[in-house]
Amino acid sequence: MFEARLVSSAMFKKILDAIKDLLNEASFDCSESGIQLQAMDNSHVSLVSLTLKSDGFDKYRCDRNLTMGMNLGSMSKIFKCASNDDTVTIKAQDDADTVTFMFESKKQEKISDYEMKLMNLDQEHLGIPETDFSCVIKMPSAEFARICRDLSQFGESILISCTKEGVKFSTSGDIGSANIKIAQTINFDKEEEAVTIDLQEPVTLTFASTPLTNQVQLSMSDNVPLVVEYQIPELGHLRFYLAPKIEEDEN
Amino acid sequence: MFEARLVSSAMFKKILDAIKDLLNEASFDCSESGIQLQAMDNSHVSLVSLTLKSDGFDKYRCDRNLTMGMNLGSMSKIFKCASNDDTVTIKAQDDADTVTFMFESKKQEKISDYEMKLMNLDQEHLGIPETDFSCVIKMPSAEFARICRDLSQFGESILISCTKEGVKFSTSGDIGSANIKIAQTINFDKEEEAVTIDLQEPVTLTFASTPLTNQVQLSMSDNVPLVVEYQIPELGHLRFYLAPKIEEDEN
Amino acid sequence: MFEARLVSSAMFKKILDAIKDLLNEASFDCSESGIQLQAMDNSHVSLVSLTLKSDGFDKYRCDRNLTMGMNLGSMSKIFKCASNDDTVTIKAQDDADTVTFMFESKKQEKISDYEMKLMNLDQEHLGIPETDFSCVIKMPSAEFARICRDLSQFGESILISCTKEGVKFSTSGDIGSANIKIAQTINFDKEEEAVTIDLQEPVTLTFASTPLTNQVQLSMSDNVPLVVEYQIPELGHLRFYLAPKIEEDEN
């Protein structure tokens with residue numbers, strides 16, 4: 001028996017929004033410690049890694065380790081039927097070939113059950129070595145998403161370079177070239193800021209970004225993947241690992 | 001001479017929105033008592049019946065009975081040109097082959113005339129027998145529309161079953177199955193409620209639903225069409241009659 | 001060296017919105033007195049003329065006359081990356097084959113550079129004779145845009161006729177015919193009004209209209225193009241010259 005319950009479905013909806021265009025399907029590994037997802041995106045450019053800790057849930061029970069292969073398009077369709085403040089419960093039998101998503105409205109007057117067929121997916125769990133990054137940038141995720149969206153219109157890959165003064169995002173394509181410079185914030189009241197740490201390290205990234213939570217953290221080092229990380233309050237995090245492009249036929 | 005006038009075009013716009021995707025064209029039967037429309041939808045699944053009583057209009061004159069065949073797509077285009085608080089006047093000569101829609105702005109500074117060609121449509125007026133229903137459900141139409149929209153993503157037909165405790169809407173399809181249960185409201189301040197009367201009666205319905213007015217009423221009995229009714233304040237009602245599906249090749 | 005700076009990019013964005021569907025590309029003629037654009041629209045029905053005076057800019061420098069051929073689609077893509085309250089600076093070298101658009105956020109913490117390739121465009125500068133118009137109409141541009149949009153659904157060309165009492169816009173097509181009458185405003189508080197001057201002059205126009213600024217001015221005379229003019233506060237104006245249709249195969 002597996003059962004995981006969250007009082008608000010909003011965070012789950014956001015997570016699905018952030019990954020559903022990158023992944024058609026994915027395996028959710030459920031254990032006593034929580035839910036783990038790890039998958040290469042459809043274009044095999046980035047690795048998506050989601051960690052949701054069991055103690056972040058309002059109720060969590062996992063009698064036996066369980067791997068559930070889900071179609072993320074279908075899952076996303078189902079979560080569109082939930083209101084943001086619905087309680088969501090994910091349920092499955094130990095040997096189940098279906099998973100059930102139950103949405104309960106605040107006043108309990110509406111209860112929706114969606115039973116979704118599970119898939120058998122090939123699983124290859126990649127070991128991701130812990131790296132000390134030579135550069136870690138924190139910035140508002142909405143700003144990061146806007147920059148990625150703006151620049152993706154002008155070129156296929158975005159070059160990030162970082163100095164103490166700030167971060168520069170660049171691209172070029174048929175129309176011409178584009179550069180966006182974000183200065184490191186000196187004074188700030190709230191943590192809507194841009195922090196940058198030593199060493200200038202150019203990295204090339206291509207991916208779709210979503211403002212999942214308020215802050216995003218970019219971690220970079222020479223010749224290792226860029227890590228784009230969104231903290232999920234209390235539950236864990238969603239990380240995108242983006243292999244740097246080989247600087248060859250770049251324009 | 002036919003002339004019907006409503007101080008606000010909003011209700012007419014809503015009615016057109018609710019039927020324009022179901023019907024390409026329809027005959028409006030105008031008589032001294034009001035305007036009547038009855039037509040099978042494009043897919044021949046449901047019967048649409050609209051009644052607008054003459055005394056609900058701000059001005060109404062019908063010298064001779066008149067049947068006007070209208071293209072609802074064109075009519076809907078025309079009503080899109082009206083603001084919600086425009087006065088609308090529908091005018092036709094007794095032997096006309098056109099109908100005129102006149103929209104007057106509140107302050108009278110803008111007057112728009114749209115003259116639309118009429119069509120000759122085959123007419124078959126179906127006699128709809130009055131039925132005593134074993135189950136009548138009243139619920140907020142927005143909630144009903146949301147449920148129809150949510151479930152229609154997962155299956156082609158929606159099964160409604162009703163007990164004293166509440167109503168259950170179900171469907172199933174390739175992705176899996178879905179059930180939404182709405183409890184009967186015990187205490188309520190406003191009439192945004194769900195009332196359910198005796199006898200459990202499963203009915204299968206497929207149709208597009210629009211929140212035309214605040215409340216919708218579902219009337220059901222064994223082996224008779226489900227009636228989905230929206231009251232149109234002062235003017236009459238819009239009803240959809242949905243023949244129950246034969247329980248044969250259902251999945 | 002050419003450099004023109006505006007504290008807010010909003011007006012430039014609006015101008016681009018108003019012309020980008022009419023023109024694929026256009027030459028911007030820059031001189032000491034300002035920026036001038038003149039081009040026939042894609043369908044060769046109307047002449048677009050834009051004048052931006054140098055003293056309306058917050059900073060303006062033009063060492064040598066410069067003609068820059070720009071793809072308006074690309075330019076519009078670039079300006080979509082600017083926020084409305086970003087400062088915009090347009091920069092080019094004297095013999096440049098690129099132009100740079102720089103957007104600076106209010107607090108200067110974000111600076112974006114877009115370098116766009118210029119195009120070689122055939123230039124034919126049409127002399128537009130000054131005309132005394134027998135009829136000049138001023139009206140709210142949002143109302144004018146709405147009328148053009150509404151009527152364009154019913155016919156390809158819009159006939160404007162004007163008397164002391166008001167203006168009539170008409171069209172006809174497959175569905176039927178449409179007339180919209182706007183009365184001259186007698187009393188008004190704000191300049192959201194409709195003024196009409198002598199002589200009744202029917203003119204036929206076809207074009208896409210955008211509410212660029214609050215007021216639009218229509219100037220008409222027999223057998224000369226209709227002029228649709230939007231004042232751009234402090235900077236100049238945007239004019240559309242629309243040749244009257246020959247009244248031949250009109251329906």
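**Exercise 1. How many residues does the contact take from chain A and from chain B?**

Solution. The model is a predicted one, in which local features need pLDDT of at least 70 and side-chain atom pairs count only at pLDDT 80 or more, while totals for chains, interfaces and linings use all residues. Residues are numbered from 1 along each chain as its sequence is written, chains are lettered from A and ligands numbered from 1 in the order in which they are written, and side-chain values use heavy atoms, with hydrogens and water left out.

Step 1. With contact taken as heavy atoms within 4.5 Å, the interface draws 16 residues from chain A and 18 residues from chain B.

Step 2. The buried area, that is the accessible area (1.4 Å probe) that two parts lose on being put together, summed over both, comes to about 1,400 Å² between chain A and chain B, and carbon and sulfur atoms give 46% of it.

Step 3. A salt bridge requires a side-chain nitrogen of Lys or Arg within 4 Å of a carboxyl oxygen of Asp or Glu; the count between chain A and chain B is one. Lys110(A) and Glu143(B) form a salt bridge, with their closest N and O atoms 2.8 Å apart.

**Exercise 2. Describe the interface of chain B and chain C, and state which residues of chain B lose the most area to chain C.**

Solution. Step 1. Here 16 residues come from chain B and 18 residues from chain C.

Step 1. About 1,400 Å² is buried between chain B and chain C, with 46% of that area given by carbon and sulfur atoms. On the chain B side, the residues that lose the most area to chain C are Lys77(B), Lys110(B) and Tyr114(B), which together give 34% of what that side buries.

Step 2. One salt bridge is found across the interface of chain B and chain C, and the side chains of Lys110(B) and Glu143(C) meet in a salt bridge at 2.8 Å, N to O.

**Exercise 3. Which rotation superposes chain A on chain B, and which residue of chain A comes closest to its axis?**

Solution. Step 1. When the copies are superposed by least squares on the C-alpha atoms of residues with pLDDT of at least 70 in both, a rotation of 120° with 0.0 Å of shift along its axis brings chain A onto chain B, at an RMSD of 0.1 Å. That is the relation of a three-fold axis.

Step 1. The residue of chain A that comes closest to the rotation axis is Lys80(A), whose C-alpha lies at 17 Å.

Step 2. For chain B and chain C the superposition is likewise a rotation of 120° with 0.0 Å of shift along its axis, and the RMSD is 0.1 Å. In chain B, the C-alpha nearest that axis belongs to Lys80(B), 17 Å from it.

**Exercise 4. Characterise the packing of helix H1 and helix H2 of chain A by angle, axis distance and handedness.**

Solution. Step 1. Helices (H or I, at least four residues) and strands (E, at least two) are DSSP runs, numbered from the N terminus, and the axes are lines fitted to C-alpha atoms, for helices over the stretch in contact, with angles running from 0 to 180 degrees between N-to-C directions. Helix H1 (residues 10-19) and helix H2 (residues 72-80) of chain A pack at an angle of about 145°, and their axes are 10 Å apart.

Step 1. The crossing of H1(A) and H2(A) is left-handed, meaning that the near helix is turned anticlockwise from the far one by less than a right angle.

Step 2. From H1(A), Phe12(A), Lys13(A), Leu16(A) and Ile19(A) meet Leu72(A), Met75(A), Ser76(A), Phe79(A) and Lys80(A) of H2(A). These residues divide into six nonpolar, one polar and two charged, where Ala, Val, Leu, Ile, Met, Phe, Trp, Tyr, Cys and Pro count as nonpolar, Asp, Glu, Lys and Arg as charged, and the others, Gly among them, as polar.
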